Amino acid sequence: MADFNTIGFIGVGVMGEPICRNLAKKSSRRVIAFDLSPEPLQRLRAEGAESASAVAEIVRQSDLLFLCLPSAKHVRSVFEGDGILKNVRNGQVVVDLGTSSVKQTRDFARQLREKGASWLDAPIARTRQAAQDGTLSVMVGAAPALYASIEPLIRCFATDVTHCGDVGAGQVTKILNNMVLFATVNALAEAVAVARGNGVDPKLLLDTLSKGSADSFALRNHGMKAIVPGIFPERAFSTEYALKDLTYALELAGDAGIQIRGAELTARILQEAIDEGSGEAYFPVIAKHIDRA
């Protein structure tokens with residue numbers, strides 16, 4: 001593994017904070033964090049991480065820099081200006097853990113390559129609890145040698161790490177993972193609504209489906225833990241974020257000349273929930289809008 005003596009981490013929110021904490025505890029490296037919110041930085045300092053006061057500062061100090069930001073827009077904001085591109089140096093590696101635009105990912109990789117640095121995509125999957133436990137799934141887009149150099153550090157916070165191909169391939173894989181997830185959650189929400197409307201207990205329905213061919217991760221987590229009890233907190237994976245990721249899938253399909261009508265319908269359902277005031281709620285909240293009985 002390359003000697004990444006100092007690890008930088010930008011974005012210590014719901015997922016980023018526990019990931020950064022696992023790196024500080026397990027990597028045996030100096031870890032520096034940056035975020036606009038002071039509270040998670042304070043908690044991380046108490047557990048061995050340092051903090052930076054600006055993006056430029058953390059870029060200049062880091063050998064390997066992780067980003068865990070909500071969207072392509074946020075990633076671009078730290079890339080441009082007095083950020084990554086201006087301050088990056090030869091040999092430095094930047095790893096984007098968020099789900100982001102494939103076109104932007106490949107464009108940023110090209111720009112860093114011209115400066116002797118590397119950009120790779122490693123979007124994370126699974127839940128907030130998995131981030132805390134260090135059991136995330138990560139899908140990596142990188143050249144083989146670069147993947148080999150960073151995989152041991154990714155395993156500080158992930159148990160399943162998949163090399164999906166060159167730069168951008170991790171994003172493609174994660175975007176399609178989310179596309180399938182959103183469609184599945186919509187099917188579960190519809191099934192629960194129909195069961196309730198026909199006198200069958202939703203919990204019994206999902207318990208029974210979990211024993212047959214309809215079983216899935218989405219059923220056991222989004223279905224049983226959110227849709228059935230009606231728990232849709234904010235500061236979880238919001239409906240707005242879900243629609244953002246599904247928009248990336250629609251863009252990929254358009255680039256390939258493929259119409260994905262199921263994803264188009266799911267996007268409309270997510271947009272309707274946003275229009276009705278549920279944009280910041282955990283995205284299985286679509287169940288509330290489907291089941292109006």
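How many aromatic pairs does the structure hold? It holds ten of them, where rings of Phe, Tyr and Trp (its six-membered ring) count as a pair if their centres lie within 6.5 Å. Keep in mind that this is a predicted model, in which local features need pLDDT of at least 70, side-chain atom pairs count only at pLDDT 80 or more, and totals for chains, interfaces and linings use all residues. Residues are numbered from 1 along each chain as its sequence is written, and side-chain values use heavy atoms, with hydrogens and water left out.

**Aromatic pairs**

- Take F79 and W119 to begin with: their ring centres are 5.7 Å apart with 85° between the planes, which makes the pair edge-to-face (planes over 60 degrees apart; under 30 counts as stacked, and the rest as tilted).
- This pair links distant parts of the chain, with F79 in helix α4 (residues 72–79) and W119 in strand β6 (residues 118–121), 40 residues apart. Helices (H or I, at least four residues) and strands (E, at least two) are DSSP runs, numbered from the N terminus.
- F79 and W119 are both buried (under 20% relative accessible area; exposed is over 50%, and partly exposed is in between, using a 1.4 Å probe and protein chains only).
- F182 and F283 are edge-to-face too, because their planes sit at 75°, with the ring centres 5.1 Å apart.
- Here the link spans 101 residues, from F182 in helix α9 (residues 169–197) to F283 in the loop between α13 (261–278) and α14 (286–290).

**Salt bridges**

- A search of the whole structure turns up 16 salt bridges (a side-chain nitrogen of Lys or Arg within 4 Å of a carboxyl oxygen of Asp or Glu).
- One of them joins R21 and E47, whose closest N and O atoms are 2.5 Å apart. R21 lies in helix α1 (residues 16–26) and E47 in the loop between α2 (38–45) and β3 (50–51), so the pair ties together parts 26 residues apart in sequence.
- R21 is buried at 17% relative accessible area, while E47 is partly exposed at 31%.
- D245 and K244 make another salt bridge, at 2.7 Å between the closest N and O atoms, and both residues are buried.
- Salt bridges with shared partners join E17, R21, K25, R43 and E47 into one network.

**A charge over a ring**

- K244 has its charged end over the ring of Y241, 5.9 Å from the ring's centre (NZ of Lys or CZ of Arg within 6 Å of the ring centre and within 35 degrees of the ring normal).
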